[in-house]
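Please examine the sequence and the structure shown here. The briefing that follows is arranged by topic.

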Amino acid sequence: MPFRFDNTYARLPERFYSRLDPTPVAQPRLIEVNEALAAQIAAAPEALTSKVGVEILAGNRIPEGAEPLAMIYAGHQFGNWVPRLGDGRAILLGEVIGVDGVRRDIQLKGSGPTPYSRNGDGRAALGPILREYMVSEAMNVLGVPTTRSLAAVATGETILRQEGPLPGAILTRISLSHLRVGTFEYFGNHGDVEGVRLLADYAIQRLYSEARIAKEPYCAFLDGVIARTAALIARWQLIGFIHGVMNTDNVSIAGETIDYGPCAFMDTYDPQTVFSSIDRGGRYAYINQPRIAHWNLVRLAQALLPLLGEREDQAIKAAQASIDAYPKLFEQNYFAGLRAKVGFEAKEEGDLQIVGELFRHMHDGRADFTLTFRRLCDSAETDTADTALGALFDNDAALKVWLVKWRERLGRETVSPDERAARMRRVNPRYIPRNHRIEAAITAAQERGDFAPFRELNRVLAKPFEEQPEYTAYAEPPKPDEVVQQTFCGT
Ligand code: AMP
Ligand code: MG
C-alpha cells in the first residue's frame, strides 16, 4: 500500500463531513506521479505507478487505512453568502505523516459526485487538472505556500462542459489541511458554536500549535491565520499571480494557495488584470487581491466571534484588533519583497517611491512584469544590460531616467554589483507558468494525447531562477496572437 494513513479529521463528529467512496472510473491511466513529493510524504513511488497504485489514484480502489469522506463547508462566492457548499467533486482519503514529521491531507479531486455536488457531475476535465498540477508545483518552487500535486490520472471517461465533451481526469492533491474559511463559516452561520470550537481546536492542534500556549488561544489562532494569509498574498503580488476565484471557500486556513481554477500569471503589467471568465466585475483582479483577502479574513473573524471573548462587545473588540493588523502585516511582507526585487538592502526613506515609479513606467510602457524584474538583475550588474531591459517597454525614455535614480540609490549600498545581481536573481524568476504555455500543453494533451509539452513545461518550471539556456523560449511572453484572454473554470 502506498500510504500509511493516520487520520484525524474522520474522528470529528459526523456533521463535519459525509463518508463515501470515490466513484470508480472506466479506464484509469497514469499521466504523472510527482516522485519528489511522494518521497516527502513517505509514499513509495512504485506503489503509486503500479496497477494497484493507479487504481487507488483513480478512486477505483480504496487503500488500506483510508477513511474516504467529503468535507462540508459554506462560503461567500463573489461576495454572496452560500450556506452550503462542501466537497462537490473531491474526496479526502485520509492523512499521512511525512518524513519531515508534517501531517498532510491526501485528497482526490474529480473523484465523482458527493452529497455536496448540487447539480455538478463531481468530475474534473483534463485541462484544469493539468493546469493545477503545473501551476501548483511551479508555485511551490517559487517559494509560495501551496497545496501540492502528487499525481494526475486520466479517467478514460468523457465529461460534458460548456465547451463540449472533454476528457476527464483526477488530481491527487496534498495539503497541510483542506480547512477553509468557509468551513468555519458553515458552523458559525448555522449557530453551531460547539462546531466552531471543535473546528478551531482541531486547527490549532494541527496547524497553529503555538496558539495553544497563548493567553487567548482562539485570538492567537485568528492572528496566526491572518499573519499567514498576509504573507501568502504578498507572495502572490510579488510574482504576478492571479488566483481568479478568491471566494471564502477557496481560502485555506493553513495559509496555502488552494483551489487552482481560472488562475494565471500576469504577462504585461496591468494592475487591473483579470483572467477568470466568470469574474465579470473584476472583483478578483490582481490589484484587488490584498483587500479581498482582508474581506475574507473578516468573514473568518465573524465565524469565530463566539470564541473570542466572554461578552459580545469584548469579542468584537478582540476580532477588530486582529483584523486591523492585516494591512500592516501585508505591507511588511510586500514591501520587504519589493525591496529585495530591486536590490535594496539598507532601508531608506524614499525607497518605496522609487519602486512605485518603476511600476508606473511598466504600466505606461506595457512591459512584461516577470522579465522587467529579471532583466533588472542584469542591469544591477552592468549598464550594458539596460538596452535589453528597455526593449520590454513601448518607450524607454522614462525608464532611462528611472535607472539613473535607481543606480544613485544603489550607490549607497555596501553589497558588490555581482552579489546584488545574484541575490536579485534568487527572488526574480526567469520562468513562470506563462498562460500561453499552459494552454499549449493542455491542447496537446487534450487533442492529441501528447503529454510531452506538459512534461517539458514541468521540467522548465522546476528551476525558475536558473538560466536554463536550452529553454529560453519558455521565458518569452506570448506573441500578440498567443495571448490568452480568459481562462475557464472547466467545472
Ligand atoms: P470552486 O469555486 O471551483 O472551488 O467550486 C465551488 C463549489 O462547487 C465547491 O463546492 C465545489 O466542490 C463545487 N463544484 C465545482 N465543480 C463541480 C462539479 N463538476 N461537480 C460537483 N461540484 C462541483
Ligand atoms: Mg473550491
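Asn 250 and Asp 259 are both buried, a term for under 20% relative accessible area with a 1.4 Å probe and protein chains only. The model is predicted: local features need pLDDT of at least 70, side-chain atom pairs count only at pLDDT 80 or more, and totals for chains, interfaces and linings use all residues. Residues are numbered from 1 along each chain as its sequence is written, chains are lettered from A and ligands numbered from 1 in the order written, and side-chain values use heavy atoms, without hydrogens and water.

**Magnesium ion**
- Asn 250 (OD1) and Asp 259 (OD) coordinate the magnesium ion (ligand 2) at 1.9 to 2.1 Å; donors are N, O and S atoms within 2.8 Å of the metal (3.2 Å for Na, K and Ca), and sites may look incomplete since water is not among the atoms.

**Ligand 1**
- Around ligand 1 there are 18 residues, of which Gly 86, Gly 88, Arg 118, Gly 122 and Asn 250 come nearest (near: a heavy atom within 4 Å).

**Domains**
- An automatic or database assignment gives domain 1 (9-175), domain 2 (181-264 + 273-335) and domain 3 (345-491).
- Domain 1 and domain 2 each supply at least three residues to the shell around ligand 1.

Methods. Buried < 20%, exposed > 50% of the residue type's maximum accessible area, 1.4 Å probe, protein only.
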